[in-house]
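Dear colleague,

Please find below the structure that I am handing over to you. My notes on what was found in it follow.

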Amino acid sequence: MTAWPRVSRPPQEVDDATLVEQSRRFPDRFAVLYDCYFPDIYRYVAGRLGTQVADDLAAETFLVAFRKRESFDGARGQVRAWLYGIATNLVAQHRRSETRRLQALQRTPVERVTDPGHEDLVAQRLAAAGVQGQLASALAALSEADRDVLILTALAGLGYEEIAQALDIPPGTVGSRLNRARRKLRGALGGVNPMHEDFGDADG
């Protein structure tokens with residue numbers, strides 16, 4: 001993992017966008033954002049690709065953000081959504097790894113999962129209903145675009161506006177993709193809605 005200097009957030013509670021702006025002149029200010037958001041970005045990447053690559057890709061997310069900090073426009077959205085957008089793009093470069101994880105989950109008994117990501121944890125909750133394989137198959141069958149929206153909602157906890165910013169799509173498209181993904185999952189599971197708790201509604 002890349003070692004950034006530890007810098008505390010100022011007592012005045014400078015907002016994230018201001019920190020990005022300050023980092024253009026004082027690069028070490030970016031370390032505040034790293035300290036604040038690295039755990040969340042790590043969990044998101046680990047949930048999609050596994051812990052083996054999460055450390056490197058989470059660190060790479062911040063390196064990319066640091067290199068692109070001059071282009072960040074706070075008027076267009078929040079720093080958090082911007083970071084998740086970068087992380088999602090990096091995940092996209094590892095799509096085959098995510099697909100392999102879901103395929104493996106279809107074949108792996110719950111008790112044998114040794115590297116639990118978010119999909120694994122959802123499946124563990126559903127084991128008693130006997131739908132683990134179906135859920136993994138349904139997630140794998142989703143289009144990449146629908147899966148991104150679904151997992152940004154569930155794993156990152158982003159609302160419609162934040163997801164729209166992260167993926168550079170209209171909020172209405174977020175809603176249609178999320179509804180389609182949920183409908184397909186329910187259909188694949190015979191009407192069972194495993195997303196009621198884990199893949200709840202994003203804030204509109």
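A residue is called buried here when its relative accessible area is under 20%, exposed when it is over 50%, and partly exposed in between, with a 1.4 Å probe and protein chains only. Helices (H or I, at least four residues) and strands (E, at least two) are DSSP runs, numbered from the N terminus.

Please note that this is a predicted model, in which local features need pLDDT of at least 70 and side-chain atom pairs count only at pLDDT 80 or more, while totals for chains, interfaces and linings use all residues. Residues are numbered from 1 along each chain as its sequence is written, and side-chain values use heavy atoms, with hydrogens and water left out.

The overall picture is as follows. The chain has 11 helices and 0 strands. Of its 204 residues, 49% count as buried. Taking contacts (heavy atoms within 4.5 Å) between residues at least 6 apart in sequence, 65% join residues at least 24 apart.

Helix α1 covers residues 16-23, and its buried residues are D16, L19, V20 and S23. They lie on the same side of α1, because they cover an arc of only 100 degrees around the axis; the arc is that of the directions from the helix axis to the C-beta atoms. These buried residues pack against α2 (30-49) and α4.

The next point is G77, which sits in the loop between α3 (51-67) and α4 (79-92). G77 counts as partly exposed because its relative accessibility is 22%. Leaving aside residues up to four places away in sequence, G77 touches F72 and Q165. G77 and E161 are 84 residues apart in sequence, yet their C-alpha atoms are 8.3 Å apart in space.

Finally, there is the largest pocket. On a 1 Å grid over the protein atoms alone, a pocket is an open set of points where a 1.4 Å probe fits, with protein on both sides within 12 Å along at least five of seven lines; lining residues have an atom within 4 Å of a point. The largest pocket holds about 410 Å³ of space, a volume being the space filled by probe spheres set on the points. Its lining has 14 residues, and R76, W82, Q165, A166 and D168 lie nearest its centre. Both α4 and α9 (160-167) supply at least two residues each to this lining.

With kind regards
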